[in-house]
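Trainee: Hi! Could you walk me through how two chains meet? I'd like to go one step at a time.
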Amino acid sequence: MAAKKEAYYKSPAGSQVERTEQNGVITADKGLLRYARSVTVKVINASPILTEREKAILREAS
Amino acid sequence: MSDELKSLAEGTAKGAAEGIMAGIKNWFSRGNGGNKKIRTQDPTAGLDVDFNAIEVVRILNKAVCVNQAHLIQYIVLAGALHKKLKDRMREEPEDLSGLTNRLGALYDFLNRNLGLAAQRNFRFLHDYYLARSPKPPWPRICLKLPDENQPGRANMLADVFRDSDVGYNSIYPVEENTGHVEVMRDGQFFLCSDIPSLAKEGRYKNPRLDPHRVEEYGPQNEEELSESIDKYGYARDLAWERCWRPSGGGDGPARVDAPLESCYKSTLIIPMTLKSHDKDLSGDFKEIMGLEDKSRNIFGYLCFDHLAGGYFNNDPDVAVGYVVADILSLYYMTQLNYTKRSTTYQRSIELCGDPLETET
């Protein structure tokens with residue numbers, strides 16, 4: 001039984017009592033999930049901070 | 001400054017630094033840390049975990065420093081691009097082309113740079129695990145987010161950014177993964193260091209694990225162990241590898257070709273949360289963020305897994321995981337603030353459509 005406990009330990013130290021409180025959820029923006037599906041790690045790592053289009057928009061006079 | 005004073009100042013600074021380092025060493029040595037050698041529970045894993053507290057602090061110091069600059073940049077540039085969209089909407093709402101261009105720019109910037117932030121922080125975690133266990137393999141890392149966009153399916157979870165491409169998408173209901181169920185229940189991290197035993201006892205579920213194969217799973221015989229060595233030089237647990245499906249979900253039988261690294265025995269899940277009952281958080285903030293009146297609101301999960309049993313430690317793996325999860329949550333909240341929480345962004349989507357589809 002002791003071995004089992006070692007094999008499965010979670011929780012911050014000391015909190016052995018199961019807490020049953022419910023937690024809320026904040027869901028992600030649909031666009032982010034779609035974007036993440038469309039790129040690979042390689043593509044992300046090769047990306048610039050700002051693209052030319054973004055630079056141009058930022059420089060436009062308001 | 002005179003040489004004498006300079007020498008005194010340097011001596012004082014050195015003494016202070018030594019004191020801080022001693023404190024840090026002491027802090028890390030409370031649990032499994034310190035500079036002690038720790039042998040993992042699984043003798044076949046062959047991992048010697050040697051924590052170097054000073055190295056860990058240096059890595060975290062660098063991570064915070066780099067993120068400080070990048071986060072400020074992210075907030076400022078996102079705000080500027082959002083303002084450009086808002087201005088165009090107010091001044092020329094009939095110019096759909098111009099509006100679409102600005103919406104697309106904001107959309108691309110926010111998501112691309114969130115991805116860059118994730119990858120940057122995954123690399124700090126790589127540095128940490130490299131310092132902690134110099135020999136590969138190292139853990140896989142993934143950011144998962146609650147997904148409400150799967151038609152007809154509630155409580156879904158989607159992998160968003162990973163430290164390496166895995167060849168499969170992982171979108172499944174929270175209740176199909178014991179780790180996420182546990183985190184949802186108590187809002188705390190989940191650490192399992194022996195998935196095979198727990199799964200065999202019916203106490204661990206994962207959408208990629210074939211329950212029938214798990215039921216049949218048992219230790220390999222000596223002959224099989226000696227014949228199968230993986231690319232890292234460790235004995236392969238072929239029976240365990242056969243328990244994993246190569247991709248998430250489905251009721252079909254497991255196949256033998258699930259990637260080696262995806263057949264893990266240890267997992268650590270760190271939630272990204274906001275404590276709704278924190279008395280220092282204003283009611284207005286909670287309303288804007290859409291926080292439910294629950295103990296905590298969970299908005300993401302930083303997930304780690306590893307081939308070997310007994311790989312992760314309560315201390316300091318969990319603490320380091322929380323540092324990075326909290327850093328990433330700052331970028332992510334900025335992204336949410338300018339998308340889901342922005343009426344300008346939502347109105348632009350209604351007018352122009354999804355930027356990913358209308359990209360020119």
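Trainee: So what is the area buried between chain A and chain B?
Mentor: About 5,600 Å², and carbon and sulfur atoms give 53% of that area. Buried area is the accessible area (1.4 Å probe) that two parts lose on being put together, summed over both. This is a predicted model, where local features need pLDDT of at least 70, side-chain atom pairs count only at pLDDT 80 or more, and totals for chains, interfaces and linings use all residues. Residues are numbered from 1 along each chain as its sequence is written, chains are lettered from A in the order in which they are written, and side-chain values use heavy atoms, leaving out hydrogens and water.

Trainee: How many residues are in contact?
Mentor: 46 residues of chain A are in contact with 81 residues of chain B, contact being heavy atoms within 4.5 Å.

Trainee: And how many salt bridges across the interface?
Mentor: The rule finds 6 (a side-chain nitrogen of Lys or Arg within 4 Å of a carboxyl oxygen of Asp or Glu). One of them links A:R53 and B:D108, with the closest N and O atoms 2.8 Å apart.

Trainee: Which elements of chain A give two or more residues to that side?
Mentor: They are α1 (2–7), β1 (24–25), α2 (30–38), α3 (41–45) and α4 (52–59). Helices (H or I, at least four residues) and strands (E, at least two) are DSSP runs, numbered from the N terminus. The largest share, 9 residues, comes from α2(A).

Trainee: New topic: what does β1(A) join to?
Mentor: Strand β8 of chain B (residues 296–306), through 2 bridges, and the two run parallel. Two strands pair if DSSP finds at least two bridges between them. In β8(B), B:I298 is the bridge partner of A:V25.
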